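Hi,

Here is the structure I promised to pass on. Have a look at it first, and then read on for what turned up.

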Amino acid sequence: MTEETTDRRGADRRRTAREGVVVWDGGRLKCDCAVRDLSETGARLVFRGAALDADRFAFALDGEKSRPAHRVWSAGREMGIEFDRI
């Protein structure tokens, strides 16, 4: 007997080892993170300390322009995010 799983991502993800930053509270707070998976529609982030407590924020890959995003799931120090459509 097999169990089907549904992948709800909107795009294929690719593994990566890049750095990113999450900025929230009007730019007053920021947190560095490691980016482990990345797609056109979202990413899986790993935080060094406690995971981010905000639901909406700006996210930027190392040195790139930030874009709005929101939390989809979180578990421990990991978080799955989806980029907002603008």
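**What I found**

The protein chain has 86 residues, of which 33% count as buried; buried means under 20% relative accessible area, exposed means over 50%, and partly exposed is in between, with a 1.4 Å probe and protein chains only. Please keep in mind that this is a predicted model, where local features need pLDDT of at least 70 and side-chain atom pairs count only at pLDDT 80 or more, while totals for chains, interfaces and linings use all residues. Residues are numbered from 1 along each chain as its sequence is written, and side-chain values use heavy atoms, with hydrogens and water left out.

**Confidence**

The average pLDDT of the protein chain is 86, and 86% of the residues score at least 70. (pLDDT is the predictor's confidence in each residue, from 0 to 100.) Be careful with residues 1-7, where pLDDT stays under 50. For that stretch the model has zero contacts beyond four places in sequence, a contact being heavy atoms within 4.5 Å.

**The strands**

You'll find six strands and zero helices in the protein chain, in the order β-β-β-β-β-β from the N terminus on. Both kinds of element are DSSP runs numbered from the N terminus: helices are H or I with at least four residues, strands are E with at least two.

Start with β1 (residues 14-24) and β2 (residues 29-38), which pair in the antiparallel sense over nine bridges. Two strands pair if DSSP finds at least two bridges between them. Along this pairing, R18 stands opposite V35 in β2, and V21 has D32 as its bridge partner in β2. The two strands form a hairpin with four residues between them. D25 lies in that loop between β1 and β2, and its phi is near 60 degrees, a positive value in a residue other than glycine. At 38% relative accessibility, D25 counts as partly exposed.

Next comes β3 (residues 42-47), which runs antiparallel to β2 and is joined to it by five bridges. Here D37 stands opposite R44 in β3. β2 and β3 also form a hairpin, with three residues between them.

β1 has a further partner: four bridges join β1 to β4, and these two run antiparallel. V21 turns up again here, with A60 as its bridge partner in β4.

**The core**

What sits inside? In soluble globular proteins, nonpolar side chains tend to be buried together. In this model, the largest nonpolar core has 16 residues, and those with the most contacts inside it are V22, L45, F57, F59 and I81. Such a core is a set of buried Ala, Val, Leu, Ile, Met, Phe, Trp, Tyr and Cys residues joined through side-chain atoms within 4.5 Å. At least two residues of this core come from each of β2, β3, β4 (56-61) and β6 (78-83).

F59 is found in strand β4 and is buried, with a relative accessible area of 2%. F59 and V21 are 38 residues apart in sequence but 5.8 Å apart in space, C-alpha to C-alpha.

**The ring pair**

The structure holds one aromatic pair. The rings of F59 and F83 have their centres 5.9 Å apart and their planes at 25 degrees, so the pair is stacked. (Rings of Phe, Tyr and Trp, with its six-membered ring, pair if their centres lie within 6.5 Å; planes under 30 degrees apart count as stacked, over 60 as edge-to-face and the rest as tilted.) F59 lies in β4 and F83 in β6, so the pair ties together parts that are 24 residues apart in sequence. R67 lies over the face of F83, at 3.7 Å from the ring centre; the criterion is NZ of Lys or CZ of Arg within 6 Å of the ring centre and within 35 degrees of the ring normal.

**On the outside**

D55 is in the loop between β3 and β4 and is exposed, with a relative accessible area of 52%. Not counting residues up to four places away in sequence, D55 touches A69, H70 and R71.

Cheers
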